[in-house]
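Take a moment with the sequence and the model. The paragraphs below walk through them step by step.

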Amino acid sequence: MTQSSSSPMSQNSTKSKASEDLPTEASIYAQNSDDTAASWSEFATDEIVMESSLPFPLEAVPNQSKTINTKVNRNKILQRFYNLPIRNKQLLGLFTSEVISILGLVGVGALLIVSSGQSQLRNQAKSELVVTQLNYNTKIDQMGFGFRGQSDNFAIIAAANQGDALTPDLKQKVKKILQNEIKAREIEYATLVGRDLTVIVNANEDRTGEFFNPNNLVDQVFRKPEQIKSSEIVSWSELIKESPPLPPNLMNQDALIRYTVTPVKNPNTNNVIAALVSGDIVNSKSPIVEKTLEAFGGGYSAIYLRKPDGDFILTTAKNQSQNLGSDSELNQVNLPDQTLLKEAVISPGETVTKRIAIGKQTYTMAAIALENFAGDPIAVLVRGTPEVQLNELLKNSLLLQLLVSALALTADVFLAIFLGKTIVKPVKQLQSTAQEFSQGNRQARAEILADDEFGQLANTFNQMADSIDSNIEEISLKEIKIRQEVEQARSLQQSTKIIAEEQRQIREMLQKRAVELLKEVDLISKGDLTIKAKVTADEIGTIADAYNVTVSSLRQVVTQVQAAAQQVTASTMDALVSVESLSVAALQGESEMAAALDRTQVMAESVKDVATKAEQAETFVKQATQKVQLGDTAMNRTVDGMMAIRETVAQTRQKVKRLGESSQKISVVVNLINSFAEQSNLLALNASIEAARAGEGGKGFAVVASQVRSLAQQSATATSEIEELVSEIQAETNEVVVAMETGTEQVVMGTQLVNETRHNLNQITAASNDINRLVKEITRATFVQSVASEAVTQTITNVAEIASKTSQEAEVVSSAFEQLSQVAQTLQANASKFKV
């Protein structure tokens, strides 16, 4: 409705504006062309078309309207949602958003609980695995402590000393000790091994004299006397040889064993004489894993043996489920998947974790590899923490979240129903009012119930209804005005046709008179300025009169130009002769000045060369004088140095003599030390004799006497070497003294020669000073001549430049006069064409 009312208003305003501009457009058409009548007929036709193209009949009020329903093709489900009432849409939207929020909250909460719980379980499983390691290593530490004490047992030390010659009583005693250790510690191996790696005594089947070096541990103890604790694999053939009391389930398979190898040392020499080997088989022994289960109230604990081919064998395990009670203990339960064990072997020294289900119970497993003495993984410790508490926590949390979500969803439904009532009621009222208005009741208005968006919508609807009523009245008024303007346009069209015909006749008459005027003035374009156009009373006569005045002025100008051209031609010829004479004279003067300048420049160059060489000679003389002075100074220093060398040589000679005297004193001291060494050697010999007489009690004294005698012999040898060195020093000292005296004489002769050289240099210096003074005077005179020569050269250069410039300007003036003469002749020829 709003669109249909606004369109007539815009067209009505366009018509009004066109009617206001009609006189101006008519006048323009009347002045320009004969097409004015046709244009106005087209304008009238446009007005009629515009009237017929109005969107409603001019005689009717636009109460008749057509409703256009435009539907957008949508998905069927989406279209069904759009077709729902607003109340149902709101209820469905709130319910859906609440369900999504609840599902997201519950899902994220459960995910956080599960992830944090699993992280906590992994850390707990790692901590519990550390306890399993402690329980595993406790038995090894106990064996090591016990057998370290037995290594100090006198019977075991005696048996180790006797070796193969062991007496039956002592062997039986040691065997009893070892058997007691096996029973007390519940182990399988207790063996005494000699340094030849053979069994001396063992607790089980008699293996005396057999080679026994399990995994080279015994040999390692002999090389490095420290106790070794290690987990190794013992073969079934070795177990048959030893025949220890085996666990009931261990049959025809290798076993995991914990060894301790303790060195047995001789108390007198502290040397390792034997090794005590203890071994505890792990297979089928539940106390190792039971302690872990007791400490943490259940779960899974196991130890796996890794065979050389990479397979795993369960040695001992126990599974105690927390949700089935204390009677639900299962022994030797294998893991359904060995991936955890393989990952532990791949990551030595690191604890790996994984979730594994055993039966109906899920555990968070932690595993770590055990290495033998060589550093190879041979077993894996496993600890499984049950996830019962985590599952219970997750269940309780989900129930609580679902309960809260149900309460929130119920409250959301009630809130949606209440909001639907408050929203749908004003919408339905507005819909009813709009339907009533569209059916023709222009007085229908919406009731404003509140200031919210629906209240603003109702207020907007009321304003729109008021605007539609006012637009209908305005359209009716503008329709009447448009009809009046159309009638005025039609009457104006008839007047415009008459005016256009009159203007056409006037234009034809003006065109005829203009052609006549052009024929009269055609001779003027050929140079005849005596022609005058015929002056009439119309507009063309005015143009002819102005044309005659212009031609008269042009005739006067042409006459003046002819006279001036003749005068310029005559003057130019006279001036051209004078300028050519001046140019010739200037060229001659320029050539003569150039020759004089060349000679002057040659003379100036010669003077400069003399001055330069004089300056160089002065410089060389100065340098020679300076070098002579430097030589004199060097000679003085040389003399001083010679004197200092002379004094130094004299002092050195005195010191060398003193060195010779000191070396003689050293010889005396060396002789004295040599006599001390001979006496010490004699005393040591006597002490050895006395020690030999004393027998067994004097052995220690004999050793000391032998060492003293050896020291005396070394002292005698050293003193003889020192005596030889002193003799060599004395001989070389005497040679140095002789060389010093010869050097002193040569220094005296050198000093005399230097003095004579210095005297000659002084004479050379005096002569150089005289030469320098003369060269300075020559240089000063040459410099004066050079300055004067440069001044003369500069003056001649300036004169030559002036002459050259004068010659060039004369040529330019001559060329300008020639061009001026040509222009004057051209101007005179052109002016002569006109007839005045």
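Predicted model: local features only at pLDDT ≥ 70, side-chain atom pairs only at ≥ 80, totals over all residues.

Residues are numbered from 1 along each chain as its sequence is written, and side-chain values use heavy atoms, with hydrogens and water left out.

Start with confidence. pLDDT is the predictor's confidence in each residue, from 0 to 100. Its mean for the protein is 74, and 77% of the residues reach 70 or more. Over residues 1–70, pLDDT stays under 50. For that stretch the model has 67 contacts beyond four places in sequence; a contact means heavy atoms within 4.5 Å.

Now the whole chain. The protein has 15 helices and 11 strands. These are DSSP runs numbered from the N terminus: helices are H or I with at least four residues, strands E with at least two. Of the 836 residues, 33% count as buried. Buried means under 20% relative accessible area, exposed over 50%, and partly exposed in between (1.4 Å probe, protein chains only). Among contacts with a separation of 6 or more, 67% come from residues 24 or more positions apart.

Next, helix α6, residues 154–162. Ala155, Ile156, Ile157, Ala159 and Ala160 are buried there. At its start, a side-chain oxygen of asparagine 153 reaches to within 2.9 Å of the backbone nitrogen of alanine 155. Glycine 163 follows α6, with a positive phi near 65°.

Move on to a sheet. Five strands form an open sheet in the order β2-β1-β5-β4-β3, with antiparallel pairing. Strands β2 (199–202) and β3 (228–234) stand at the edges with a single partner strand each, so one side of each has no neighbour in the sheet. Neighbouring strands are turned by 25° against each other on average, direction ignored. Two strands pair if DSSP finds at least two bridges between them. Strand β1 (residues 189–194) pairs with β2 over three bridges. Valine 193 stands opposite valine 199 in β2. Helix α7 (residues 168–185) lies across β1, β2 and β5, at about 55° to β2. Such angles run from 0 to 180 degrees between N-to-C directions, and axes are lines fitted to C-alpha atoms, for helices over the stretch in contact.

Follow the chain to lysine 285, in the loop between β5 (272–281) and α10 (287–296). Is lysine 285 buried or exposed? Lysine 285 counts as buried, because its relative accessibility is 15%. Its side chain makes a polar contact of 2.3 Å with the side chain of aspartate 280. A polar contact is a pair of N or O atoms within 3.5 Å; within protein, one must be able to donate a hydrogen and the other to accept it, and residues adjacent in sequence count only if both atoms are side-chain atoms. The backbone oxygen of glutamate 186 lies 3.2 Å from a polar atom of the lysine 285 side chain.

Lysine 285 also touches Thr316. Threonine 316 is the bridge partner, in β7, of isoleucine 303. Eight bridges join β6 (residues 299–306) to β7, and the two run antiparallel. Eight of the nine residues of β7 (residues 312–320) are buried.
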